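I opened the model this morning to look up charges, backbone angles and a few separations. My entries follow in the order in which I made them.

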Amino acid sequence: MLKEISIKTNEILNSKKIDYCIIGRIAVACWGMPISTANMDIVLAIKENKINELLEEFIKARFVFSKEKTYKKLSEGKPAKLWYEDEFSIDLRIVKFTIDYEALKRAKAFKIWDKEWKIAPPEELIIYKLGRAKPKDWEDIKAILKNKTLRLDWRRMEWLSKTLEEEFEPNFFKRFEKLKKLKFQS
């Protein structure tokens with residue numbers, strides 16, 4: 001089922017020529033280890049006057065959500081969940097922070113289910129995961145850190161953490177300090 005909603009989502013985003021990148025567990029699987037998930041997390045670069053048109057496309061594709069509440073959340077820069085057959089969903093959020101613009105600019109193309117997807121770079125993905133810093137986010141971070149083929153730019157992650165401290169949450173940089181300790185454990 002995730003394959004089905006992914007393909008529909010890919011087709012909608014491409015048909016509307018919307019720049020985006022995947023930032024959730026699907027992205028973690030690209031940079032780290034396969035991890036099960038029932039949703040997709042996507043950051044979108046879309047103008048506010050195009051949100052309704054995009055939401056109409058998701059309605060046509062049988063996604064379920066309150067159009068008014070979803071529009072309001074997206075236009076406020078908050079994440080919005082669109083459901084597909086009760087147990088699968090996509091979480092959308094419109095670019096708002098420096099990290100979002102950087103992730104879009106540096107996203108890498110991956111083939112997933114015979115579709116090309118833009119996946120957030122591993123540095124941005126790790127810092128996104130620090131944003132919530134729940135136990136599963138730390139698991140995801142560790143999965144990426146275990147990929148010895150990656151040459152992570154720790155100075156970049158430090159800079160991204162500092163920008164999020166300024167733009168999003170005071171004391172965010174303390175999470176980066178905790179992350180640096182993981183660097184030496186992996």
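Is Lys50 exposed, partly exposed or buried? I found that Lys50 counts as partly exposed, at 41% relative accessibility, where buried means under 20% relative accessible area, exposed over 50%, and partly exposed in between, with a 1.4 Å probe and protein chains only. I note here that this is a predicted model, in which local features need pLDDT of at least 70 and side-chain atom pairs count only at pLDDT 80 or more, whereas totals for chains, interfaces and linings use all residues. Residues are numbered from 1 along each chain as its sequence is written, and side-chain values use heavy atoms, with hydrogens and water left out.

**Entry: overall form**

I looked up the secondary structure and found 9 helices and 6 strands in the protein chain; these are DSSP runs numbered from the N terminus, helices being H or I with at least four residues and strands E with at least two. The radius of gyration of the protein chain is 16 Å, which agrees with the value near 16 Å that a compact globule of 186 residues would have; the radius is taken over C-alpha atoms, and the globule rule is 2.2 Å times the number of residues to the power 0.38. The C-alpha trace spans about 50 × 35 × 25 Å along its principal axes, and 49% of the 186 residues count as buried.

**Entry: salt bridges**

I used the rule that a salt bridge is a side-chain nitrogen of Lys or Arg within 4 Å of a carboxyl oxygen of Asp or Glu, and by this rule the count comes to 27. Lys50 takes part in one of them with Glu53, the closest N and O atoms being 3.9 Å apart, and Glu53 is itself partly exposed, with a relative accessible area of 35%.

I then turned to Glu57, which forms a salt bridge with Lys60 at 3.3 Å between the closest N and O atoms. Glu57 and Lys60 are 3 residues apart in helix 3 (residues 51-60), so about one helical turn separates them; Lys60 is exposed, with a relative accessible area of 62%.

What does the salt bridge between Arg106 and Glu123 tie together? In this pair the closest N and O atoms are 3.4 Å apart. Arg106 lies in helix 5 (residues 98-106) and Glu123 in helix 6 (residues 122-132), so the pair ties together parts that are 17 residues apart in sequence. Arg106 counts as partly exposed at 22% relative accessibility, whereas Glu123 counts as buried at 5%.

I also recorded a network of salt bridges that links Arg25, Lys129, Arg132, Asp137, Glu139 and Asp140.

**Entry: positive charge on the surface**

Which residues gather in a patch of positive charge on the surface? I found Lys142, Lys146, Lys178 and Lys181 there. Patches are made of residues with over 30% relative accessible area and no salt bridge, like charges being joined within 9 Å; Lys and Arg count as positive, and the place of a Lys charge is taken as NZ. Accessible areas come from the Shrake-Rupley method with a 1.4 Å probe. Of these residues I followed up Lys146, which is found in the loop between helix 7 (135-145) and helix 8 (154-167) and is exposed, with a relative accessible area of 53%.

**Entry: backbone angles**

Most residues other than glycine have a negative phi, and I therefore noted the exceptions below. Lys17 has a positive phi of about 55° although it is not a glycine; Lys17 lies in the loop between helix 1 (2-15) and strand 1 (19-22) and counts as exposed at 75% relative accessibility. Arg62 likewise has a positive phi, of about 75°, and is found in the loop between helix 3 and helix 4 (67-75), where Arg62 is partly exposed with a relative accessible area of 46%.

**Entry: separations**

How many residues apart in sequence are Thr98 and Leu160? They are 62 residues apart in sequence and 7.8 Å apart in space, C-alpha to C-alpha; Thr98 has its place in helix 5 and counts as partly exposed at 22% relative accessibility. For Glu76 and Gly32, 44 residues apart along the chain, I found that 32 Å separates the C-alpha atoms. Glu76 sits in the loop between helix 4 and strand 3 (80-84) and is partly exposed, with a relative accessible area of 34%.

Definitions and conventions
Patches are made of residues with over 30% relative accessible area and no salt bridge: like charges are joined within 9 Å, nonpolar side chains (Val, Leu, Ile, Met, Phe, Trp, Tyr) within 5 Å.
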